[in-house]
Amino acid sequence: MAYRPSKRTKKTLLGGGAVVLLAGLNAPAALSFATEQYHAYEIAQPEYMARYGAWHGVEIPKEYRTNAIHAALLHTGKVLIIAGSGNKQDHFDAGTFDTVLWNPKDNSFKKIPTPEDFFCGGHAQLPDGKLLVAGGTARYELLDGEVKRAGGGMRVKNESPDKDIKVKKGSKFRSPSGMEYMSKFDVTVPRAKREFEVAYYENGQMKPWGTKITAGEARVFVEAVAEGPQSVSTDRAQYEIEGLTGKDADNVYGLAEKITLDKQDFQGIRAAYEFDPRAEKYIPVAPMKEARWYPTLTTLQDGRVLAVSGLDDVGAILAGDNEIYDPKTKQWSKGPFRYFPTYPSLFLTKSGKLFYSGANAGYGPADKGREPGLWDVEKNTFTKIGGLNATDQLETASSLLLPPAQDQRFMLLGGGGVGESKKATPRTAVVDLKQNSPAFKTGPELPQGTRYLNSVIMPDDSVFTSGGSSDYRGRGGSNILKAQFYDPGANAFREAADPTVGRNYHSEALLLPDGRVATFGSDSLFGDKDNTKLGKFEQRMEVYTPPYLYRDKNQRPALGDGPEAAAGDGRATFRTDHPERVVKARLMRPSAVTHTTDVEQRSIELGLTKDRNSVTITVPKDRALVPPGWYMVFVTDQEGTPSEAKWLRVD
């Protein structure tokens, strides 16, 4: 899936002749040129930037330019940009997987060795500051007409209770009729389970003790050795596995599922890693039980992480097999069974339940798992929430927990129809979960129907939204070069400076510790309005400086030395030369964003006291409101001007 931003470029006014040029030339082209020149001059003026903010490009050395599919802010202040194979089949085939670490402080870059194709995986912040990265790509899709060799899932059985059996990539599965298929991946088939059966009576006689053997099972994607329709199989058959000998050959065999020439979707991987921000490297942990491509990873109140949805190892959407990662044991366990489309937006609420906004990234039927609601993970019950309009346009929508988090109000913005639909909605809606019977209420509309909108919570309690496109995957030159702020108190939008780089599918935006917003990526399917030229991945980065940073820098609040972690009572004291400037304090969780899905970001109101040379903040004790982990502490003045953030760990 791909998009490309518009080719509009930022121009600079040369001298003061634009007005003369505008008056003296009548041709439409000259008029357009002069208008653009004047606009470039206008947006560079201090008065304009103080009202609307400004965008600036980031200089990226050629060797560090990458296809930003995922972006996460680390507690070191650096940004992890993950491409994996970057939606490039040739990179996948070559095993060329990419991760870049960017330091916004000095604009330095570093390549990180990337052990798996994390393209379209999931991620979540862990209590110790590491980033959990799980899932990704095992195989690229083949569309209808591209499939030359029949393929599908092969269930591999192991009837031996004594050992696990590894079946290597490339092993042949042969049916009694001579049909041959080759495994595309290594697979380890677990040993059979031996269960003791109790004695029992039958017809007045007691039967002896015995054992019951339940074969172990794994699944692997296989592809026909020969091309053509003769290798299509819809009949159940048992397959011997070439290369196994002796008892292994007797105990281990394949059972074919449907093997066809139909479209073959992307396939997921089970791999999971923790990225260590201090060592700046990936560390392997136990793999997931299920392979996942397009999963959501959501942090729970105890610091564990729930992995939900995704396409599995044969390209089918998981029916509801979810699992939970424990960062203490580095192991996965079975989670509550519930179906969601891929990349569902699931947010931890103050009740400990998960709010599903209905926003998702697409794979799955249009009539299943699309309705918003509240999921009680412990009881595995789901309560639907109504009141939403344009319910057929939740795919590629943006959603977030409005600041401050204590208010428990969630917002949904934009979105589009399922699949390749041209539908896009300007709808926004807000739901207050503190109400007895919560329901969505319609909010102010976006300037136009928008898919793939990036939305970022700001330190002054506003929400900054930018980019997106009005058509599926940026078709028809449909990038939206607009940005705006949403004010939760006024329930209204206000204008912001226009970005110069379009952002749609495979784009990200996140808040930096200095109060700016960084934007990455965009993967247009086409590069022109007529859809005749294939798009190119947008590797430019652009940073937005909000109006609050164009106020008097000498009056900006500032925090000095303070603790690394909040005390047991939630308190942390920071030195400051001007405590009188500090009016509010916020605790902001760093983003981990992909595919318009960022369920990590949240802003928590803090208790605040001051003395002559310090401020003391108090973190709420409720871990459903403040999950354990590293946070940014911002203080703001009366006008909403924020300090630079200080990092604080909440245990």
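Here are some notes on the predicted model above, point by point.

1. **Ground rules.** Residues are numbered from 1 along each chain as its sequence is written, and side-chain values use heavy atoms, with hydrogens and water left out.

2. **Overall build.** The protein has five helices and 50 strands; both are DSSP runs numbered from the N terminus, helices being H or I with at least four residues and strands E with at least two. The C-alpha trace spans about 95 × 65 × 45 Å along its principal axes. Of the 651 residues, 55% count as buried, where buried means under 20% relative accessible area, exposed over 50% and partly exposed in between (1.4 Å probe, protein chains only).

3. **A four-stranded sheet.** Take the open sheet with the order β6-β7-β22-β23, whose pairing is antiparallel. Its edges are β6 (122-125) and β23 (281-285), each with a single partner strand, so one side of each has no neighbour in the sheet. Neighbouring strands here are turned by 25 degrees against each other on average, direction ignored; the axes are lines fitted to C-alpha atoms (for helices over the stretch in contact), and angles run from 0 to 180 degrees between N-to-C directions. Strands pair if DSSP finds at least two bridges between them. Between β22 (residues 272-276) and β23 there are five bridges, in the antiparallel sense, and Asp276 has Lys281 in β23 as its bridge partner.

4. **The largest pocket.** About 980 Å³ of space lies in the largest pocket. Its lining has 33 residues, and the closest to the centre are Asp186, Ile269, Arg270, Ala291 and Asp313. For the method: on a 1 Å grid over the protein atoms alone, a pocket is an open set of points where a 1.4 Å probe fits, with protein on both sides within 12 Å along at least five of seven lines, and lining residues have an atom within 4 Å of a point. Points are joined across faces, edges and corners, and the volume is the space filled by probe spheres set on them.

5. **Who lines the pocket.** β8 (137-139), β13 (187-189) and β18 (216-224) each supply at least two lining residues, and β18 gives the most, with five. By type, the lining divides into 16 nonpolar, four polar and 13 charged residues. Nonpolar here is Ala, Val, Leu, Ile, Met, Phe, Trp, Tyr, Cys and Pro; charged is Asp, Glu, Lys and Arg; the others, Gly among them, are polar.

6. **Backbone spots to check.** The Pro403 to Pro404 peptide bond is cis, with omega near -15 degrees, and Pro404 lies in the loop between β32 (398-401) and β33 (409-413). Asn107, not a glycine, has a positive phi near 55 degrees; this residue sits in the loop between β4 (98-103) and β5 (108-111) and is partly exposed at 29% relative accessible area. Asn380 also has a positive phi, about 55 degrees, in the loop between β30 (373-376) and β31 (381-384), and is partly exposed at 24%.

7. **A buried loop residue.** Asp471 is in the loop between β37 (463-466) and β38 (483-487), yet is buried, with a relative accessible area of 8%.

Notes
This is a predicted model: local features need pLDDT of at least 70, side-chain atom pairs count only at pLDDT 80 or more; totals for chains, interfaces and linings use all residues.
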